[in-house]
Amino acid sequence: MGHPIAFDFAAKLAANAPGGADAKLDRVFFTGSGSESVDTALKIAIAYQRAIGQGTRTRIIGREKGYHGVGFGGISVGGLVNNRRVFPQIPADHMRHTLDIERNAFSKGLPQHGIELADDLERLVALHGAETIAAVIVEPMSGSAGVILPPKGYLEKLRATADKYGILLIFDEVITGFGRLGTPFATDYFGVVPDLVTTAKGITNGTVPMGAVFASRKVYDGLMVGPENAIELFHGYTYSGHPVACAAGLATMEIYEEEGLLTRAADLADYWQEALHSLKGLPNVVDIRNLGLVGAVELTSRNGAPGTRAYDVFVDCFQKGLLIRVTGDIIALSPPLVVEREHIDTIVSKLTGALKRAA
Ligand SMILES: Cc1ncc(COP(=O)(O)O)c(C=O)c1O
């Protein structure tokens, strides 16, 4: 059933949509989670291609180490083996990931090396034929695999190649959406505008399950061509636009605005960067990466057993009142947008102690 709050919230999101004034992705499809947003975006991409007479385009290109949730679409385009190996997948292929510690260790912000990895899209077009590829999906900043950043110029190149071959570009902003990099969306941070953006998490500050897919006018207009009473996209969830979630989303946006939280990470980014990089030189630290209010510290494995040292650091920090996330040998950090400089100092000092003790 319809209710007015879904329209209010959609209008609010549309007014604040990714893409800047000229190219706003201001058509909004509500979902219940990040995984639903991803599968929705993939289906919109395939349905759009078919609607514009490109029905052979059913393959989606993802990337190694990508994480796009746990739906069948998301695991197919994702690049984390444990999420994939047990389950069948939709037609997909993968570009190489962009983590290159040998050349880029301890980069502050975006790494210098690796723009050429975007040429993988050209190679996959040569392998499969452009006429089989509907879309390419990437996290503009890869979170779950341990904060993997796009090399300078990489996303721009991906956009250009996608355009060249009629392939839609999807940014999965389930982590980067709603202020994580210091702009409302990573799309705005990088100034690279995709055709679809997936979101969840920050849309309600995680208080109530919800997600949304933002689509460009090109995609919307290409797909929504039927008469008034026609359903162009046979897709949707019982809880799409649930009134409680929409109310939570509206309240969240209000607080984001009142407290300037969607751009607050920009004010803290330099402080965060320097604080994190002060961990360089501590035992077993082989890389430190950061962007906006996200960071990662990568460690060597202990006695060839991946994850054991990072796990010790996790337990040590937890016992001292600091919750960190570890994935393999990587400590991934994503403090709340309301964090203060003194909290950052505390995070770094607890980590310093834990890293020394885990040596
Ligand atoms: C980039 C990205 N996409 C999709 C998802 C899946 O979101 P959810 O767990 O809400 O299904 C996540 C979750 O962490 C994510 O980081």
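## Salt bridges

The model contains 18 salt bridges, each defined as a side-chain nitrogen of Lys or Arg within 4 Å of a carboxyl oxygen of Asp or Glu. The structure is predicted: local features need pLDDT of at least 70, side-chain atom pairs count only at pLDDT 80 or more, and totals for chains, interfaces and linings use all residues. Residues are numbered from 1 along each chain as its sequence is written, and side-chain values use heavy atoms, with hydrogens and water left out.

E257 pairs with K12, with 3.0 Å between the closest N and O atoms. The two sit 245 residues apart, E257 in helix α10 (residues 243-259) and K12 in helix α1 (residues 4-15); helices are DSSP runs of H or I, at least four residues, numbered from the N terminus. E257 is partly exposed at 43% relative accessibility, and K12 is partly exposed at 25% (buried is under 20% relative accessible area, exposed over 50%, partly exposed in between; 1.4 Å probe, protein chains only).

## Helix α7

D163 and R159 form a salt bridge at 2.8 Å, N to O. They are four residues apart in helix α7, so about one helical turn separates them. D163 is partly exposed at 47%, whereas R159 is buried at 12%. Shared partners join R159, D163, D195 and K218 into one salt-bridge network.

## Nonpolar core

The largest nonpolar core has 50 residues, of which L13 and M95 touch the most other members. Such a core is a set of buried Ala, Val, Leu, Ile, Met, Phe, Trp, Tyr and Cys residues joined through side-chain atoms within 4.5 Å.
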